[in-house]
Amino acid sequence: MLKTTTSTRLLIALALSTGLAACSDETTPNVAQTTAVKLDNYSATPVLAKAQSGFESLKLYSLVGSDDQFAATPDFMFGGSADGAGLLRNPDGKGFTMLVNNEDNRAISRVRFDETLRPVGGEYMLNSDGGRWRLCSATLVTPEEHGFGPYFLSAGESAVDAQTHLIQPFADNNTQNTPKPVKGLGYWSAENAVPLPKTAYAGKTVILTGEDASDASGGQVALYVSNTVGDLDGGQQYMLRRKDLNQREKDMVVGQKYEVEFAAIPNYQSLTGAQMQTQVDPLKAIKFGRVEDLDYRKGGGVNGREVYFNVTGQAISGANADQSRTMWGRVYRLVLSEQNPLVGTLEVVLDGDDRNGKAGAFQNPDNICVTNRYVYVQEDSNGYGPETHDAYVYQYDIATGGLKTVLELDHRRTAPDKDKYNVTGASYTPALSDKGDWEYGALVDVSDVVNIPDTFILCIQPHTWRAQKYKDGGAKPNNGNDQASQVIIVSGLPR
């Protein structure tokens with residue numbers, strides 16, 4: 001745990017001085033590195049997704065899956081529920097390292113690749129004792145992009161006192177059973193903690209956190225601000241609210257912009273997670289129906305202050321019996337002031353509750369990836385149906401507002417191996433084979449890392465791909481989860 005501002009600075013200084021010799025290679029690689037990468041099907045598992053009409057030119061490759069065995073680490077099994085991820089070059093400039101949240105395993109895996117991007121070994125940075133919480137999305141923080149790092153910020157959720165872990169990508173893994181939370185980022189049932197780029201607010205550290213909560217307090221958009229680059233302890237936490245203090249999410253509609261501000265949480269460093277939640281009503285924070293992933297527009301300058309986030313929605317019952325929150329989900333655009341990260345405008349750009357509108361058949365948007373031109377939105381059905389399709393990845397055109405369907409998950413229900421990926425039986429409910437049950441993890445643009453334009457990695461959570469061996473394998477301990485998962489490459493996806 002980072003206990004003081006001083007300790008945080010020391011960690012950053014160490015990383016900057018000793019661990020980043022190859023970080024410049026991510027943006028200025030030599031020719032040998034550029035030509036060495038070969039996109040291919042390196043995994044034994046078929047790609048569990050399929051391109052949709054208009055995107056037939058995409059190339060999909062299976063990179064890593066739970067059935068793969070690597071010669072260098074034959075006892076390593078890639079875990080289930082692959083979610084947040086990041087890929088970077090190794091410090092010596094040779095090969096790559098990928099960190100992945102195995103969400104329901106409460107673990108973080110680290111997979112090593114050679115210069116061609118062939119996986120050669122793997123290990124766990126955190127097991128379930130260290131992970132503690134379900135680990136959802138994540139952000140790879142780098143000096144080039146954010147001004148500090150490299151760090152892997154892994155968000156924990158499903159508990160009021162959950163926190164975000166800070167993982168050093170190239171550290172030894174001999175402390176995998178030790179939690180590594182960052183106290184300065186507070187207690188949130190978090191989907192992701194996302195630092196804005198260093199171009200957004202010079203000399204500051206600005207981090208947005210999405211809270212995946214559906215109780216009486218709702219999900220929050222939280223903000224952490226420090227006046228020191230890389231300081232994760234000494235700043236202040238805030239909650240997002242409208243300036244007119246209206247807390248009802250559904251009172252915001254498509255086509256309007258709402259003035260918003262971030263309200264400071266008094267004495268937040270001394271509060272428990274439950275105590276932080278008691279501040280929602282006094283601060284008049286917006287009560288969203290489960291805030292999921294967040295990302296900022298790429299391209300530098302003003303783009304770094306243009307943030308998009310998904311609200312996945314919740315059933316019309318319990319805390320949402322008054323229908324004050326979205327049911328089918330929404331995508332929001334938050335534009336922060338150039339002078340002050342504490343004020344800005346908020347608007348709904350896609351509204352899944354308007355079943356005849358642009359979003360149409362939205363099934364609870366979850367993960368999000370924003371490039372310079374597009375917002376890519378991934379679905380995760382909440383299971384209160386009726387689901388009409390398996391989970392989609394959508395492409396939202398920032399300039400035109402157009403929405404297209406890029407990918408759909410492929411359950412292989414009619415393939416010869418259908419029983420492997422659609423397990424049913426006494427311990428599984430028939431609903432697990434219904435449409436919409438599988439979901440995506442992170443979609444990450446790795447074009448500049450592998451030096452091949454329009455190249456992404458995509459994590460897939462095929463929840464009905466289950467077996468005893470996955471429960472026995474993976475991180476030790478692995479908290480008893482018996483799911484498998486995979487990571488694929490999506491090549492030719494426009495940025």
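The model is predicted: local features need pLDDT of at least 70, side-chain atom pairs count only at pLDDT 80 or more, and totals for chains, interfaces and linings use all residues. Residues are numbered from 1 along each chain as its sequence is written, and side-chain values use heavy atoms, with hydrogens and water left out. The largest pocket holds about 930 Å³ of space. The disulfide count is 0.

**Pockets**

- A pocket is an open set of points on a 1 Å grid over the protein atoms alone, where a 1.4 Å probe fits and protein lies on both sides within 12 Å along at least five of seven lines; lining residues have an atom within 4 Å of a point.
- Grid points are joined across faces, edges and corners, and a volume is the space filled by probe spheres set on the points.
- The largest pocket has 41 lining residues; Glu145, Tyr296, Lys298, Val444 and Asp445 lie nearest its centre.
- Elements giving two or more residues to that lining include strand S3 (82-89), strand S7 (134-141), helix H4 (143-146), strand S23 (439-445) and helix H8 (447-450). Helices (H or I, at least four residues) and strands (E, at least two) are DSSP runs, numbered from the N terminus.
- The lining of the largest pocket splits into 16 nonpolar, 14 polar and 11 charged residues. Here Ala, Val, Leu, Ile, Met, Phe, Trp, Tyr, Cys and Pro count as nonpolar, Asp, Glu, Lys and Arg as charged, and the others, Gly among them, as polar.
- The second largest pocket holds about 210 Å³. It is lined by 18 residues, with Glu103, Arg134, Glu157, Arg290 and Asp380 closest to its centre.
- The lining of the second largest pocket comprises 1 nonpolar, 5 polar and 12 charged residues.

**Cysteines**

- A disulfide is a covalent bond between the sulfur atoms of two cysteines. The rule used here asks for a pair of cysteine sulfur atoms within 2.5 Å.
- The closest cysteine sulfur to that of cysteine 369 is in cysteine 459, 12 Å away, too far for a bond.
- Cysteine 369 is buried at 4% relative accessible area, and cysteine 459 is buried at 0%. Buried means under 20% relative accessible area, exposed over 50%, and partly exposed in between (1.4 Å probe, protein chains only).

**Nonpolar core**

- A nonpolar core is a set of buried Ala, Val, Leu, Ile, Met, Phe, Trp, Tyr and Cys residues joined through side-chain atoms within 4.5 Å.
- The largest such core has 30 residues; Leu63, Leu87, Met98, Phe113, Leu117 and Ile457 have the most contacts inside it.
- Among the elements giving two or more residues to this core are strand S2 (59-65), S3, strand S4 (96-102), strand S5 (107-113) and strand S24 (455-461).
- Leucine 87 touches residues including Met98, Phe113, Leu117, Leu140 and Ile457, not counting residues up to four places away in sequence. Contact means heavy atoms within 4.5 Å.

**Backbone**

- Glycine 149 and proline 150 are joined by a cis peptide bond, with omega about 5°. Proline 150 sits in the loop between H4 and strand S8 (151-157).
- Lysine 476 and proline 477 are also joined by a cis peptide bond, with omega about -10°. Proline 477 is in the loop between helix H9 (468-472) and S25.
- Leucine 245 is not glycine, yet its phi is positive, near 70°. Leucine 245 is partly exposed, at 38% relative accessibility.
- Arginine 412 has a positive phi near 55°. Its loop runs between strand S22 (403-409) and helix H7 (418-421).
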